[in-house]
Amino acid sequence: MKALRQFAIASALLIAGVSAADAGWSRSGGGTGPRGNSWSSSGGGSCYGGSCTSSQKFTGRRGTYTRDGGTSCSGGTCSGGATYTGPAGNSVKRSRSFTVN
């Protein structure tokens, strides 16, 4: 969960720095750890008119974890949320709001 929390914070900071212009991104990666366990990840998102959405997926030895969320900004205040789902299908919803100075 610590990694998910750090990812959520980094995502919020990234989204806060996006301009109002159209922006889209995607990424993927994978590898093998020191004990021979493999992992893969992918994600993508886009922004338009002050709103951004993103989706990420991580698959490792313990299963697949996903994050789907979005943020909307207007007048210097941003708010949004995300749903995190674990390999057993359990999910947690988080919401946030912050002011950009």
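1. Cys 73 counts as partly exposed in this predicted model, because its relative accessibility is 27%. Buried would require under 20%, and exposed over 50%. Cys 78 has a relative accessible area of 2%, so Cys 78 is buried.

2. Cys 73 and Cys 78 are bonded to each other. They form a disulfide, with the sulfur atoms 2.0 Å apart. The link of Cys 73 and Cys 78 is right-handed, with 115 degrees about the S-S bond. As background, a disulfide is a covalent bond between the sulfur atoms of two cysteines.

3. How many disulfides does the count come to? The count comes to two. Besides the link of Cys 73 and Cys 78, there is a disulfide between Cys 47 and Cys 52. The sulfur atoms of Cys 47 and Cys 52 lie 2.0 Å apart. This link is right-handed too, at 115 degrees about the S-S bond. Cys 47 and Cys 52 are both buried. With the bonded cysteines numbered in sequence order, the pairing reads 1-2, 3-4.

4. Now the fold. The protein chain holds one helix and six strands. In what order do the elements run from the N terminus? They run α-β-β-β-β-β-β.

5. The six strands form an open sheet. Their order in the sheet is S1-S2-S3-S4-S5-S6, and the pairing is antiparallel. Which strands stand at the edges? Strand S1 (23-32) and strand S6 (91-99) do. Each has a single partner strand, so one side of each is left without a neighbour in the sheet. From one strand to the next, the twist averages 10 degrees.

6. A closer look at one strand pair. S1 and strand S2 (residues 38-48) run antiparallel and are joined by 10 bridges. Ala 23 stands opposite Cys 47 in S2. Cys 47 also belongs to the disulfide with Cys 52. In general, strands of a sheet pair through backbone hydrogen bonds, either parallel or antiparallel.

7. Some totals for the protein chain. Of its 101 residues, 20% are buried. The chain exposes about 6,700 Å², and carbon and sulfur atoms supply 53% of that area. Among contacts between residues at least 6 apart in sequence, 20% join residues at least 24 apart.

Definitions and conventions
Residues are numbered from 1 along each chain as its sequence is written. This is a predicted model: local features need pLDDT of at least 70, side-chain atom pairs count only at pLDDT 80 or more; totals for chains, interfaces and linings use all residues. Side-chain values use heavy atoms; hydrogens and water are left out. Two strands pair if DSSP finds at least two bridges between them. Helices (H or I, at least four residues) and strands (E, at least two) are DSSP runs, numbered from the N terminus. Axes are lines fitted to C-alpha atoms, for helices over the stretch in contact, and angles run from 0 to 180 degrees between N-to-C directions. Buried means under 20% relative accessible area, exposed over 50%, partly exposed in between (1.4 Å probe, protein chains only). Contact means heavy atoms within 4.5 Å. Accessible areas come from the Shrake-Rupley method with a 1.4 Å probe; for residues, only the protein chains shown count as cover. A disulfide is a pair of cysteine sulfur atoms within 2.5 Å.
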